[in-house]
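Trainee: I have a new model open and would like to walk through it with you. Could we go one question at a time?

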Amino acid sequence: MLNRRAMLHGFVGAGAAGGALLADMNRTAKAQEGEPVHVGSALPMSGFAAADGIEFKNGLELAAAEINAAGGILGRPIELHIEDTKDQGADLVSQAMQRLVDRYNTPAIINGYNLGTNMIEMDVAADNDIIMMHYNTLISHNEKFKTDPERYYGSFQGDPPEFWYGPGCLNFLKTLSEGGKWTAPNKKIAIIPSANEYSIVIANAIRDKAAEYGFEVSLFETVPFPTNQWGPTLAKLRQDPPAAIIVTHFLPQDLAQFMVQFLTQPINSLVYMQYGPSLPAFREIGGASINGVIYSTVIGCLPDEFSKAYRESYRAKFGPNSAYITGSQTYDGLWMWAIAAAIAGDPGEPFDKEQVGKVAAVMRRNVYRGVNGTYRADPAGQSAYCYPTQVADPSLGMPHQFLQHQDHTTDPKLIAPALYATDAFLLPPWIK
Amino acid sequence: MLDILTSIIIAGLTTGALYALATVGLSLVWGSMGMLNMAHAAMLTLGGYAAFSLSSALGLPAVVGFAGAVLAGAIAGGLLYVFIVRNLLNNDKATFESNVMIATVGIGIALENAILLTFGGQPLKQPISATGSLIIGPVNLPYQNMLIVIVVIALMALVALLLARTRIGRAIRATAQNREAAQLMGVAVNRVYFQVLVLSGALAGVCGVMVSSMTQLSPPLGNDPMLKAFIMCVVAGLGNLPGAVAAAFGLALLEAFVQYAAGARWGFPSLLFVVIAVLIWRPAGLFGRAQIRRM
């Protein structure tokens with residue numbers, strides 16, 4: 001029976017909107033009394049990306065608890081099943097997903113990210129007729145979707161592709177310089193990707209668009225993935241100091257080591273990094289060395305009033321150092337799918353193309369405001385739109401957030417886009 | 001230019017010191033026992049986590065954490081002998097080398113997963129580390145790098161002294177040269193094997209602390225040093241200790257210069273190229289001797 005407390009929890013924890021909608025649909029349904037709906041997730045719970053995998057699992061658990069408290073999906077509670085994708089790759093990820101379907105008959109798989117999969121997840125989803133939502137943040141999702149939209153109807157990318165990091169980053173640097181908040185010593189930028197698709201696509205996008213934004217690429221240095229010995233790369237940077245160092249490698253522990261080693265002989269360059277600084281491991285390993293680092297993410301929990309209840313619930317449940325900014329991805333993903341399944345009248349099951357197709361149609365049609373901002377599926381690629389680089393209307397695109405670590409003992413500050421910013425940019429302490 | 005050159009040499013020497021420490025532990029066991037210890041990586045990781053547990057979780061001084069890492073590695077080596085190696089030695093001698101390799105692969109996987117279950121997959125900061133730098137003119141020497149190089153050189157000297165000047169060292173060398181002959185001369189071969197594994201484990205423990213102080217703690221921490229150590233062993237000649245140390249420093253410096261001159265991504269391929277070249281032109285390794293097996 002849905003009691004008042006559970007109802008309130010559903011309302012508040014889900015950031016209000018999702019909880020209210022589901023609770024309304026469940027008004028006559030009796031939560032926990034129906035057959036469970038099995039939802040799978042193939043996550044890197046061990047290996048180098050385990051820090052993210054743990055947060056993705058946390059996000060799913062919190063969303064499932066809130067959805068179940070609000071009555072589940074038309075009275076059917078969600079039951080989560082996690083498979084470890086270890087060091088990822090197409091073989092491990094596809095096997096993990098297939099195990100979820102075979103063992104639990106999951107109509108939906110909500111993943112975080114998995115690397116090196118060549119988007120094989122879309123084939124597993126298509127072959128089994130299930131919904132698959134993921135946060136790989138890859139333009140190759142869009143490209144693959146375009147090859148056969150009918151086959152890949154159930155595959156959704158919960159955030160904008162990584163390509164948008166390129167023009168977004170350059171636009172941010174240009175705006176910062178033109179606004180007088182930072183005096184660039186020259187027009188040079190150094191780009192440091194690591195050897196993986198995500199990192200290289202972003203680096204290439206920055207390199208290819210640099211001239212349009214008035215920058216000149218002075219160094220393009222690909223490092224191994226993972227990497228932690230930055231000595232020779234830092235030597236090159238010190239030899240020809242650029243105005244900004246753009247590291248598109250994204251593992252938090254490696255990026256923290258970059259800063260520790262960079263600060264033994266700092267140069268007057270802004271340091272921009274990709275994604276990893278959003279994770280607690282970056283702060284814990286880097287300590288005070290990370291103060292001043294800028295990073296961005298096209299997906300992450302916004303520090304606004306709307307997400308406050310989610311952030312508080314997350315930290316209360318998973319500890320003060322847990323990264324709600326990462327867990328928010330799968331949190332929104334599960335909520336979005338659960339609402340779509342309820343609207344469609346049933347989540348369906350594997351090989352039930354008709355019903356699963358109805359759920360997919362709702363996901364394409366709905367505009368969902370989650371704790372990460374707005375998800376609206378781009379019909380051409382079934383990924384989210386990116387605001388402000390791709391769409392000018394923030395109600396129709398997910399914000400590309402720029403954050404700065406200003407004090408390593410507290411959460412990073414959101415400094416752009418202006419519509420969402422909570423703090424102003426501060427000149428990093430190593431720039432004289 | 002001097003500061004650039006210095007920073008490359010420092011990076012090379014630091015990496016070389018870490019490679020050398022991982023290599024010595026592996027090479028010692030191979031040289032004296034003919035045993036490729038595939039659990040060496042996990043023992044290295046264990047040392048790193050032991051230091052973390054004592055220094056960070058229990059709040060004990062760094063010295064205690066360091067000693068704890070040595071002890072944890074030594075105990076792991078001792079247990080490996082008692083539960084696995086001793087029993088395999090009692091079986092068919094001809095299949096010992098392959099059996100022990102497979103057995104230690106399993107032990108390594110189990111140990112790594114035990115660490116994963118205990119500490120979780122989140123990367124952690126190794127509390128035993130030094131901050132700051134010694135600045136001499138244009139040259140900047142980070143204390144952390146100096147600490148690693150000094151600790152490793154001191155340990156290398158200790159191991160060399162142990163092998164050259166002590167009774168235990170003589171027994172190890174005798175067993176390495178000819179196990180049966182040593183046994184006939186009254187050397188307690190089984191005890192030597194135990195001592196070698198304890199020593200190798202202790203070195204792995206120290207290596208775990210040193211590597212994690214430059215990177216981070218995570219369950220797969222030991223895998224990369226183990227891979228590099230294996231490369232050094234092959235280049236030097238399996239079981240050749242001084243050669244392994246020379247190869248570790250030489251190849252690490254080569255890797256650092258290649259990373260600077262050709263790009264960071266060419267560092268590891270350059271090491272593999274050297275391995276292939278050595279295997280073609282000197283199959284027994286740069287410092288190794290050809291091995292003849294009588295059937």
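**A walk through chain B**

Mentor: The UniProt record (an unreviewed entry) places the feature "transmembrane region" at residues 6-29, 66-88, 100-121, 141-164, 192-217, 229-254 and 266-284 of chain B; its positions follow the numbering used here, feature names are shortened, and annotations may be inferred rather than shown by experiment. This is a predicted model, where local features need pLDDT of at least 70 and side-chain atom pairs count only at pLDDT 80 or more, while totals for chains, interfaces and linings use all residues. Residues are numbered from 1 along each chain as its sequence is written, and chains are lettered from A and ligands numbered from 1 in the order in which they are written.

Trainee: In what order do the elements of chain B run from the N terminus on?

Mentor: Helices (H or I, at least four residues) and strands (E, at least two) are DSSP runs, numbered from the N terminus. Chain B has eleven helices and two strands. Their order is α-α-α-α-β-β-α-α-α-α-α-α-α.

Trainee: How far apart are the end C-alpha atoms of residues 66-88 of chain B?

Mentor: The UniProt record lists this span as a transmembrane region. Residues 66-88 of chain B are 100% helix and 0% strand, and the distance between the end C-alpha atoms is 32 Å.

Trainee: What radius of gyration does chain B have?

Mentor: The radius is taken over C-alpha atoms, and the globule rule is 2.2 Å times the number of residues to the power 0.38. For 295 residues, a compact globule would come out near 19 Å, and chain B agrees with that at 19 Å.

Trainee: Which elements of chain B do the buried residues of helix 5 pack against?

Mentor: A residue is buried if 20 or more other C-beta atoms, placed from the backbone, lie within 10 Å of its own. In helix 5 of chain B (residues 143-165), the buried residues include Q144(B), I148(B), V152(B) and L163(B). Two residues are in contact if their C-beta atoms, placed from the backbone, lie within 7 Å. The packing partners in chain B are helix 1 (2-33), strand 2 (139-142), helix 6 (167-177) and helix 8 (189-214).

Trainee: Which element supplies the largest share of the side of chain B that touches chain A?

Mentor: In this interface, 28 residues of chain B are in contact with 31 residues of chain A. Helix 1, strand 2 and helix 10 (241-261) of chain B each give at least two residues to that side. The largest share is six residues, and the element supplying them is helix 1 of chain B.

Notes:
Expected span 1.5 Å × (residues − 1). Buried ≥ 20, exposed ≤ 12 C-beta atoms within 10 Å, placed from the backbone.
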